[in-house]
Each structure stands twice: as structure tokens, then as C-alpha cells.
Amino acid sequence: MPSNPGKNLETFPNPAQERDYHIHMEIPEFTCLCPKTGQPDFATLILDYIPDKKCVELKSLKLYIWSFRDENAFHEAVTNRIVDDLVTALEPRYLRLAAKFYVRGGIFTTVVADHRQSGWAPLPSVDLLRFDSQSSTRG
């Protein structure tokens with residue numbers, strides 16, 4: 001039985017609530033419709049978040065993203081709506097969505113929106129040495 005798009009974002013308990021950890025997702029098949037022309041707009045969504053008590057279930061996220069396929073939306077509006085819906089469902093410590101829209105009229109548009117939980121601050125960065133790639137052969 002095929003799946004249908006839907007707006008229900010399902011969650012599951014964060015298995016490591018005691019730790020700040022980063023979840024990174026790339027969603028290369030986002031589509032919505034231009035409200036001026038009705039033509040499709042295509043984007044890659046880059047979702048990064050630090051969960052608090054909940055994580056998003058991936059199939060529900062896929063169906064949620066699919067639900068925009070036949071909706072008219074300006075890039076700025078749809079990006080912020082997705083952030084708002086994810087923040088409502090997840091209540092994350094931190095969330096950032098970058099929507100990288102493909103060229104339209106000679107213009108690439110990227111919209112970035114983020115959310116930070118009140119009182120949350122990231123831990124200081126730790127700089128680790130980077131190792132250069134090494135050949136599998138010596139020479």
C-alpha cells in the first residue's frame with residue numbers, strides 16, 4: 001500500500017537526553033509551487049538540530065516534506081513554516097533549516113531560519129587535529 005503525504009510529524013524519545021548531539025539531515029527532493037506562476041520550485045533542505053526530549057521519526061518527516069508538493073508558497077514562508085512545525089513537534093535545544101532553492105529566473109535562493117531554546121547555550125567547540133587523506137599505497 002503506497003504512503004500518502006501528511007502534516008503529522010511523529011516523534012520518539014531522545015535516547016541520549018543527557019548529551020548535546022547534532023542530528024544532520026539532507027533532503028534533496030523538496031518541492032512546492034510558486035504562488036505567482038504555479039510552476040514547481042525545487043530545493044534541497046538541510047536540517048540540523050540538537051534534540052532535547054524528542055527526535056523526529058524519519059518516515060513521518062518524509063511524508064511531511066512531501067505534503068508541500070502541491071502547495072503554493074514563497075521560499076521564505078515555507079522555510080519558516082517548516083521550522084515552526086518542527087519546533088512545535090520537537091521542542092529542540094537548537095534547530096536550523098537551510099532551504100537551498102534551485103535556480104529560478106537566473107537566481108539561486110537560500111533561506112536559513114533557526115531556533116534556540118530559551119536558556120540553552122552550545123558547549124564550547126573542541127578543535128581536533130585534522131588528518132590529511134592518505135594513499136592506500138606507500139610511496
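Modeller: Let's start with cover: a residue is buried under 20% relative accessible area, exposed over 50% and partly exposed in between (1.4 Å probe, protein chains only). By that scale aspartate 20, at 27%, is partly exposed. Keep in mind that this is a predicted model, where local features need pLDDT of at least 70, side-chain atom pairs need 80 or more, and totals for chains, interfaces and linings use all residues. Numbering runs from 1 along each chain as its sequence is written, and side-chain values use heavy atoms, without hydrogens or water.

So, what is aspartate 20 doing? Its side chain meets that of arginine 93 in a salt bridge, 2.5 Å from N to O (the rule: a Lys or Arg side-chain nitrogen within 4 Å of an Asp or Glu carboxyl oxygen). These two come from distant parts of the chain, 73 residues apart: aspartate 20 is in the loop between E1 and E2, while arginine 93 is in the loop between H2 and strand E5 (94-104). (H and E labels are DSSP runs, helices H or I of at least four residues and strands E of at least two, numbered from the N terminus.) Arginine 93 counts as buried, because its relative accessibility is 9%, whereas aspartate 20 is partly exposed.

Now hop to aspartate 114, which forms a salt bridge with arginine 96, with 3.2 Å between the closest N and O atoms. Aspartate 114 belongs to strand E6 (residues 107-116) and arginine 96 to strand E5, so this bridge ties together parts 18 residues apart in sequence. Here aspartate 114 counts as partly exposed, because its relative accessibility is 43%. Arginine 96 is partly exposed too, with a relative accessible area of 36%.

Some bridges even share partners: Lys7, Glu71, Arg81 and Asp85 are joined into one network that way. Let's zoom in on one pair from that group. The side chains of glutamate 71 and lysine 7 meet at 3.0 Å, N to O, in a salt bridge. That pair again links distant parts of the chain, 64 residues apart: glutamate 71 is in the loop between H1 and helix H2 (75-90), and lysine 7 is in the segment before strand E1 (11-13). Glutamate 71 has a relative accessible area of 22%, so it is partly exposed. Lysine 7, at 34% relative accessibility, lands in the partly exposed class as well.

And how many salt bridges are there by this rule? The count comes to eight.
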